[in-house]
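Take a look at the model below.

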Amino acid sequence: MLGIPAVRDRVVQQSLLDILQPIFDPEFHPSSYGYRPGRSCHHAITKATMFIREYQRKWFVNMDLSKCFDTLDHGLIIASFSKRVKDGSILDLLEKFLKSGVMVGDEWQASKIGSPQGGVISPLIANVYLDSFDQFMKGRGHRIVRYADDSVPRRHARVFHTPCSYAA
């Protein structure tokens with residue numbers, strides 16, 4: 001779902017991003033590249049190439065977490081943010097953005113799950129949510145490279161399928 005926030009909402013989301021990004025970004029999995037300061041798809045490709053060359057990986061899987069932004073669980077998002085953010089007003093504001101709904105034609109539609117793509121804060125929300133997946137894969141000994149909701153896990157010849165609704 002594409003959700004383009006009003007100008008006022010974009011300003012508030014940018015302010016929230018300015019507060020939250022420095023809290024979460026340093027702790028993200030080192031092979032997460034999507035929508036992060038100083039990282040790009042070119043960096044992700046370089047890391048994947050390094051894994052192939054340095055670790056002699058012969059197999060890899062390209063995963064696209066289908067409808068990832070549309071299926072994010074609001075409760076898990078708030079729980080993930082509340083592990084590092086104790087200010088209830090920030091968490092309440094984040095929850096309001098998640099539940100704000102979208103206009104579909106001339107009709108307002110409630111948001112019970114998901115994070116609209118197009119919001120200033122949406123990429124950080126997805127990265128915080130998907131970091132649990134990244135850390136889970138790391139804990140299992142799998143080398144991954146993730147750019148947004150696309151991931152390339154690498155570990156010899158094993159193949160993995162994990163839906164976006166996963167969170168630890």
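The buried residues of α2 are Ala44, Lys47, Ala48 and Phe51. They cover an arc of only 100° around the axis, which puts them on the same side of α2. That arc is taken from the directions between the helix axis and the C-beta atoms. Buried means under 20% relative accessible area, exposed means over 50%, and partly exposed lies in between (1.4 Å probe, protein chains only). An α-helix has 3.6 residues a turn, so residues three or four places apart point the same way. The face turned away from the buried side of α2 carries the exposed residues His42, Ile45, Thr46 and Arg53.

This is a predicted model: local features need pLDDT of at least 70, side-chain atom pairs count only at pLDDT 80 or more, and totals for chains, interfaces and linings use all residues. Residues are numbered from 1 along each chain as its sequence is written, and side-chain values use heavy atoms, leaving out hydrogens and water.

How does the length of α2 work out? Helix α2 has 14 residues (41–54), which should span 20 Å at 1.5 Å a residue; its end C-alpha atoms are 20 Å apart, in agreement. The expected span is 1.5 Å times one less than the number of residues. Helices (H or I, at least four residues) and strands (E, at least two) are DSSP runs, numbered from the N terminus.

Now the ends. Serine 40 caps the N-terminal end of α2, with a side-chain oxygen 3.2 Å from the backbone nitrogen of histidine 42. Just after α2, glutamine 56 has a positive phi of about 50°.

| Residue | Place | Relative accessible area |

Alanine 48 has its C-alpha atom 8.1 Å from that of isoleucine 144, 96 residues away along the chain. For arginine 36, a polar atom of the side chain lies 2.7 Å from the backbone oxygen of serine 32. Beyond its neighbours within four places in sequence, arginine 36 is in contact (heavy atoms within 4.5 Å) with Asp25, Phe28, His29 and Asn127.

## The whole chain

The protein has six helices and five strands. Along the sequence they follow the pattern α-α-β-α-α-α-β-β-α-β-β. Of its 168 residues, 45% are buried. Among contacts with a separation of 6 or more, 71% join residues 24 or more positions apart.

Terms used: Polar contact = N/O pair within 3.5 Å; in protein donor to acceptor, adjacent residues only side chain to side chain.
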